[in-house]
Structures are given as structure tokens and as C-alpha cells.
Amino acid sequence: MADHNSMMKQWQFTRSGKPRDILTITEIPIPTTCPDDELLIKISYVSLNSAILHRLMAYRGVFDPVGAFRSRPSVPEKDFSGIVCDLRGANVKGFNTGDRVFGMGPTAFREIGRGVLCEYALIKQDSLVKVPDNISMKDAACFPVAGFTAYCFLIEKAQLKKGDKVFINGGSGAVGVMVIQLARTIVGPTGLVVATCTAAKSDAIRNLGADEIIDYTAHDLPAFLREHYSSRPFDAIFDTVGSDHILYSSSPAYLTPEGLFCAIGLVDFGSTVWAGTKRILQLLSAMMVPVYLGGVPRRYIFEPLKVSHVRMLAMAKLVEDKAFKAVIDSTYKFDNVLDAYDRLVSRQVIGKVVIEVNADHD
Ligand SMILES: NC(=O)c1ccc[n+]([C@@H]2O[C@H](COP(=O)([O-])OP(=O)(O)OC[C@H]3O[C@@H](n4cnc5c(N)ncnc54)[C@H](OP(=O)(O)O)[C@@H]3O)[C@@H](O)[C@H]2O)c1
């Protein structure tokens, strides 16, 4: 590790591409000044997000809508756990030096590139909370984006309740494993939790609380759902994949009339401008075309993360209460980040790939 009195290491990139081709490790000075509402955090663990991987690799050399706005050089990743340092902004309240915290790096569009894959990072106070005493720093790094997303969609948006029936598309991913566990906790033994994943991952997903598993590679998913679930339709659908509009347009066959379709997975905009335009039009139609103009007669919600301290505290309470637990696929040292991204690219991952940056406080 770099000399923590003055210099720190960070992974960074300046163009789109595969992580192994574009990420480099470099040394820069540790920040010595701090915006009013931010704190300097000594990072303990970072967990990787496949959405960030997709963004890194998107539109290579063609059209990089994200890259047009990001700061350069850019640091990837959002999820971290870490320790509060002495450097804190004038408006920061409720945090002391040495506090164990977890949270997210900047989420605003204009701040893309101010990531946390580094030894020290400046973080907004609203985007972090204290790590519950019963949770390790390594586990804590797995929750911020995925646990927060599960909290927002299942509890705030869908308002799931005991006995509900839910379908989760993409059950083995970082968000999916949180959604399955939280759904199981909320709907209880009288509810139904159905999830998709590839066959090799089905035992792990069942152990997290899914009652029924669908191997999406072996079936036409909308047709399968229509055949098997129209007589016991779902109260909510959580699509963490976001790849296929047909899942929503066919949903009246397997989602109750009052049910909610939650499009969690950020739309895969494809690798061409045409594919991206088509997906944007589908998304807009799902959100805006009313039923009398031919829209799908089911409620649809697509929302990016809106981080607030109150919501972060609510997520942290779920973590403390073990409403869901961290699912760690594998752990890599900070210097071996490229191997970690190779693992993420392999699509064999269940849950989270974690980077150990500084394990002193675990
Ligand atoms: N709206 C928000 O606020 C918000 C917040 C966080 C994340 N997200 C989005 O949520 C999505 C999921 O994130 P993540 O971190 O969970 O990703 P992830 O870890 O890569 O998981 C995605 C999962 O989707 C499954 N999958 C891939 N293709 C599929 C298909 N055609 N049908 C069914 N399942 C398929 C994969 O399972 P198998 O390996 O079994 O194929 C994989 O486990 C991303 O698009 C991310 O941008 C949105």
C-alpha cells in the first residue's frame, strides 16, 4: 500500500474498453481539502458492480454517452466500506474519526468517474451510514447499491407484504440475491418466490429463499410464465436484467391487475445506436403510453437510484436485522483487480466479487 500520510493508490481509466485493456493503477496525493458535505474515507473493501463493468466496456470507440460527461481520469466503482478519517467538511454531522461506515460513491451523472476503487475517497455524508456492529467490513461492502436497490423497490415501491407472490428475473446477480432474500423475509412461508437463473446456480438461489427456479436458457420465459403462473399470478415482478421488453408486454398473463412491474435492470442499450434507440422507445412507451392508447395494462416503474440518508439508514437497519445477508462470490487483493474483473466477466458469479483494499479494521 502507498504511504498513507501523503500518497494513495487508485485504479483509473481514461477511455472505454475491457477492464484489462484500460484500467491502470497509479499513485496520487491523498485529498487534503474537502467539500462542506463530504468526508474522507479510508477504504476497507470495495465490491464490484456489473453495471459499471458494462459502462466501462460500452460503445467502445463509437459513441460513449457516459464518457462524454465523466471526469478524467476516471475511477470506477461505487460500493465500499471504510473508516472515517480526520478530514471532514464543515457541514458534516454525526460522524467521528474511526467510525466504520459503508455506502456509495457519487451517483450523480455529472460525477461519474469519481469512484471508490482507491485507498481513500471523498464521500457525501448522505451516501454513507455506520456499519452495524454485527456486520463485518467485508460483508458491509456488498450491500450499498444492491441492498439499497432491494429496499427501495420491494419496500417503498412495491410495498410487498406477507403472502405475496413475486417473480425475480435475474436471481443470481448482485441485486437478485438481495431481492430474493428480502422478498422471502417479507412474504414469509405463505408467499411465493420464483426466480430465474442458469441451472448451475439453482441450488445456491434456492438456498437464499427461492421456492421455484426457472432456467431462463431452457425456456421462452414469457411463454413459460404464461403457462405455469397465469392461474396464480404474481403480485410483483422484479426484472433485474432489463434486457427484454416482452417480459413486460406479456405480463398481463402472469401479473395481477394491481401488480407492479419493477424494471430494476438498467436497460441494455445494445452495442449500436439503433439498438439503443429502440430500447429507449420501448422504455418510454412502457412508462408513458396509457392503456387506452394501446399501453400494457399493468403498472410499470423504472427508476435509477435516488440516494438519501433516510433511505440509507433504512437499508442499514435491514442489514442489522439480517433481512438479507452478503453473498460473496470471491475476494481479490487490491493489486489483483484485473483478475476480479475477469471473474465478473465470466458470468459465473453468484452475488458479489469483493476487493480487499485495507483489511485492518475487519
Ligand atoms: N434501478 C436502479 O436503481 C439500479 C440499482 C442497481 C442496479 N441496477 C441494475 O440492475 C441490473 C442488475 O445488476 P446486478 O449488479 O445484479 O448485475 P449482475 O450481478 O451482473 O446480475 C445480473 C444477472 O442477470 C442474469 N441474467 C443475465 N441475462 C439474463 C437473461 N437474459 N435472463 C435472465 N437472467 C439473466 C445473470 O444470471 P445468470 O448468470 O444465471 O445468467 C446475472 O446473475 C444492472 O442492469 C444494473 O444496472 C439498477
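I began with strand E4 (residues 79-88), which is mostly covered, seven of its ten residues being buried. I call a residue buried if 20 or more other C-beta atoms lie within 10 Å of its own, exposed if 12 or fewer, and partly exposed in between, with C-beta atoms placed from the backbone. The model is a predicted one: local features need pLDDT of at least 70, side-chain atom pairs count only at pLDDT 80 or more, and totals for chains, interfaces and linings use all residues. Residues are numbered from 1 along each chain as its sequence is written. Helices (H or I, at least four residues) and strands (E, at least two) are DSSP runs, numbered from the N terminus.

**Pairing of E4.** I looked up the partners of E4, taking two strands as paired if DSSP finds at least two bridges between them. Strand E3 (residues 38-47) pairs with E4 in the antiparallel sense over seven bridges, and Ile-43 stands opposite Gly-82 in E4. E5 is also antiparallel to E4, over five bridges; there Gly-103 in E5 is the bridge partner of Phe-80.

**Val-84.** I then picked Val-84, which lies in E4. Val-84 counts as buried because it has 21 C-beta neighbours inside 10 Å. Leaving out residues up to four places away in sequence, I find Val-84 touching Leu-39, Ile-41, Phe-95, Asn-96, Thr-97, Gly-98, Asp-99 and Val-101. Contact here is C-beta atoms, placed from the backbone, within 7 Å.

**Helix H10.** I checked the length of H10 (residues 309-320): at 1.5 Å a residue its twelve residues should span 16 Å, and its end C-alpha atoms are 16 Å apart, which agrees. The expected span is 1.5 Å times one less than the number of residues. I list Met-312, Met-315, Ala-316, Leu-318 and Val-319 as the buried residues of H10. Seen down the axis, they fall within an arc of 155 degrees, so they line one face of the helix. The arc is that of the directions from the helix axis to the C-beta atoms. Exposed Val-310 and Leu-313 sit on the face turned away from the buried side of H10. The buried residues pack against strands E5 (100-104) and E7 (128-130) and helices H4 (144-157) and H5 (174-187).

**Ligand.** I count 28 residues around the ligand, the closest being Ser-50, Ala-51, Gly-170, Gly-173 and Val-175. Near means a C-beta atom, placed from the backbone, within 6 Å. Helix H2 (50-57), H4 and H5 are the elements giving two or more residues to the shell; H5 gives the most, with three.

How values were computed:
Two residues are in contact if their C-beta atoms, placed from the backbone, lie within 7 Å.
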